[in-house]
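Biologist: Please take a close look at one part of this model, and then say how its local geometry sits beside a few other places in the chain.

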Amino acid sequence: MNVGFIGLGKMGRGIAENLLKAGHSLTVYNRTRARAESLAAQGARVAATPADASRGDAVFTMLADDAALESVALSDSGIVASLPRGAVHISLATISVALSNRLAQAHARAGSEFVAAPVFGRPEAAAAAKMFVVAAGPAAVLARCQPLFDAIGQRTFPMGDQPASAIAVKLAGNFMLASVVETLGEAFALVRKYGIPPAQFLDLITSSIFPAPVYKAYGTLIAEQRFQPAGFQLPLGLKDVRLALAAAEAVGVPLPVASLVRDQMLTALARGFGESDWSVLGKLSAENAGL
């Protein structure tokens, strides 16, 4: 397929490379042009503007937040105005439910399609095409996009015909991840106070009651205090928890744990951890315990 890709950060670059490896014709755009030009040697064409990357069968966006996506999608010369009729805009990022609805409506008016396909996985999973894709949009459009999803992830989970459904699922999942990070940090602080090394405790819980990859991955980062370089920076985690709270408030769902985690993240930012991985919440728990 003739595909555009906008947003070549830590996640986006690996995803774009996998689209090239799968044989798709790729046009890439990034605000910092050097990141886009580094893909030219692999066969990508470098676009001068987001509109220039939005002329094919589909265009992916992997951008940090609502403001960034809105600026490239809804401006007068943005994706919605430039995408051919019937072509698809696939948003891979974690955005708000409200913006997802706005994008779906704008694309419908323009005669193009919008699919929300946020992904679970850190940058190493993106590079290895091992992400999990949560996709929502019209069934026929999702079927057209499936070869693209197969190129970037290990499994696609369809969530219906409303793009906002995929966003709600991604926000719920990221809220759970943030909660895991917080509870791991608190638990590690507790056992350390009783002289138990975090690595020993981690081996126990991941070999018994919590044999899940997320506990192993984040538990290792916290136990080894490897908070930099960040796979997922703390401010992005805070953004996602805030979006989850907003989505929950819109439908009358209390999320008391999310409120607590948000406050912990704000505390961590106030202590200067803004450049760290969001697993730095474990460091905050240790400091609060006097460790």
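Modeller: The helices named here are DSSP runs of H or I with at least four residues, while strands are runs of E with at least two, and both are numbered from the N terminus. Residues are numbered from 1 along each chain as its sequence is written. This is a predicted model, in which local features need pLDDT of at least 70 and side-chain atom pairs count only at pLDDT 80 or more, whereas totals for chains, interfaces and linings use all residues, and side-chain values use heavy atoms, with hydrogens and water left out.

The part to look at is the loop between α10 (213-223) and α11 (234-250), where Pro229 lies. The peptide bond leading from Gln228 into Pro229 is cis, its omega being near 0°. Gln225 is also placed in the loop between α10 and α11, and although Gln225 is not a glycine, its phi is positive, near 55°. Gln225 has a relative accessible area of 49% and is therefore partly exposed, a term for values between buried, under 20%, and exposed, over 50% (1.4 Å probe, protein chains only).

Ala178, in helix α8 (residues 163-193), is buried at 1% relative accessibility. Leaving aside residues up to four places away in sequence, Ala178 touches Val241, Val261, Met265, Trp278 and Leu281, where contact means heavy atoms within 4.5 Å. The C-alpha atoms of Ala178 and Val261 are 7.1 Å apart, although 83 residues separate the two along the chain.
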